[in-house]
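Biologist: Please take me through this structure feature by feature, with the general idea before each case.

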Amino acid sequence: MSDSNTTDFTNPSTFILLGVPGLEAAYVWISILFGTMYVVAILGNFTILFIVKTEQSLHEPMYYFLCMLAITDLVLSMSTLPKMLSIFWFNSREIDFSACLTQMYFLHCFLVTESGIFVAMGFDRYVAICHPLRHSTILTNPVVAKIGLGVLLRGSMLVLPYILLARWLPYCRTNIIPHLYCEYMAVVKLACAEIHVSNYYSLSVVFCVFGLDPIFIVVSYTQILRAIFSVPTKDARLKTFGTCGSHLCAILAFYIPCLFSALTYRFGKNMALHFHVLIASVYLLMPPMLNPIIYGVRTKQIRDRLLQLFTHKGT
């Protein structure tokens, strides 16, 4: 490991990820927790993809969006967790500058993409419940594909300035990143230049994406609730609630920790550094782990198909 963390240098070829400062003695237990969450996320999301691919009855817009969500969660997990675990297990803290920027891009791009997918899923449920007779004509396969592509392009374009701004900044103070991964603000704060533009742009993306997207979702579900309460029979209302319940659980599991982490990192100056790092790491791990569980347990078609697979294996 280089000792150049306080020497004069410009644009170092490698950064050093500090890890979770102050909790080094607990690395074994943290790694067990994170490793378990990683395995559950990988197995769960691949299972979702396998079930939707092999079950013809699930070839519908709702499950296509669910597959997009699973792929996004896999990218988020695989772009950050292996390096975290290498820090815990092998004390492998160094990361190449280009690799750091690459990790930063995939991380933030797919966080924005996941938010967009939740908006698309909310729109799908709105059309399915409020305009059921038009659902198949509005959300055709080409339309679903265009929505997915648009969501991905939005994430790519919004996050690209992150990489350009981080790449152009001069780094001459330290090459130690006080984090488990290359989070944008954690990196640019190391620059020996003004970062007002970087900070303002980052905040604008946070509030535009994680502020406006939930508003669109709330509007969709407000219309859905109005439609549900207009249904005459109690059984039909409960069935519709059940269909939307899994979406709402996944949405809450994503937005609440994400907003909390983003705001505390920028405004929670008095909070301990290890608390910031843990919260920022957990909010990346929780949605990829919870989404397959939520949809697997609460979505009857996926649950039945999963039970069928295990039953056949057992016989």
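Biologist: What should I know about the source and the numbering?

Modeller: The model is predicted: local features need pLDDT of at least 70, side-chain atom pairs count only at pLDDT 80 or more, and totals for chains, interfaces and linings use all residues. Residues are numbered from 1 along each chain as its sequence is written, and side-chain values use heavy atoms, with hydrogens and water left out.

Biologist: How do I read a salt bridge, and with which residue does Arg 154 form one?

Modeller: Side chains of opposite charge can pair when their charged atoms come close. The criterion is a side-chain nitrogen of Lys or Arg within 4 Å of a carboxyl oxygen of Asp or Glu. Here the side chain of Arg 154 meets that of Asp 213, at 2.8 Å from N to O. Arg 154 lies in helix α5 (residues 141-168) and Asp 213 in helix α7, so the bridge ties together parts that are 59 residues apart in sequence. Asp 213 is buried, its relative accessible area being 3%.

Biologist: How many salt bridges does a search of the whole structure find?

Modeller: The search finds three. One of them joins Glu 55 and Arg 305, with 3.3 Å from N to O. Glu 55 sits in the loop between α1 (27-54) and α2, Arg 305 in helix α10 (residues 300-314); the pair links distant parts of the chain, 250 residues apart. Glu 55 is partly exposed at 22% relative accessible area, whereas Arg 305 counts as buried at 15%. Asp 124 also forms a salt bridge, with Arg 125, and their closest N and O atoms are 3.0 Å apart. Both of these residues are buried.

Biologist: How are the helices and strands assigned, and how many does the chain have?

Modeller: They are DSSP runs numbered from the N terminus: helices are H or I with at least four residues, strands are E with at least two. The chain has ten helices and three strands. Their order from the N terminus is β-α-α-β-α-α-α-β-α-α-α-α-α. The radius of gyration is 21 Å, close to the 20 Å that the globule rule gives for 315 residues, so the chain is as compact as a globular protein of that length. That radius is taken over C-alpha atoms, and the rule is 2.2 Å times the number of residues to the power 0.38. Along the principal axes, the C-alpha atoms fill a box of roughly 70 × 50 × 35 Å. Of the 315 residues, 48% count as buried.

Biologist: Which residue follows α2?

Modeller: Most residues other than glycine have a negative phi. Asn 91, which follows α2, has a positive phi near 55°. Asn 91 is placed in the loop between α2 and β2 (94-96) and is partly exposed, with 42% relative accessible area.

Biologist: What makes a nonpolar patch, and which residues form one here?

Modeller: Patch residues have over 30% relative accessible area and no salt bridge; like charges are joined within 9 Å, nonpolar side chains (Val, Leu, Ile, Met, Phe, Trp, Tyr) within 5 Å. Leu 212, Ile 215, Phe 216 and Val 219 form such a patch on the surface, with about 370 Å² of accessible area together. Areas come from the Shrake-Rupley method with a 1.4 Å probe, and for residues only the protein chains shown count as cover. Ile 215 belongs to helix α7 (residues 196-229) and is partly exposed at 47% relative accessibility.

Methods:
Buried means under 20% relative accessible area, exposed over 50%, partly exposed in between (1.4 Å probe, protein chains only).
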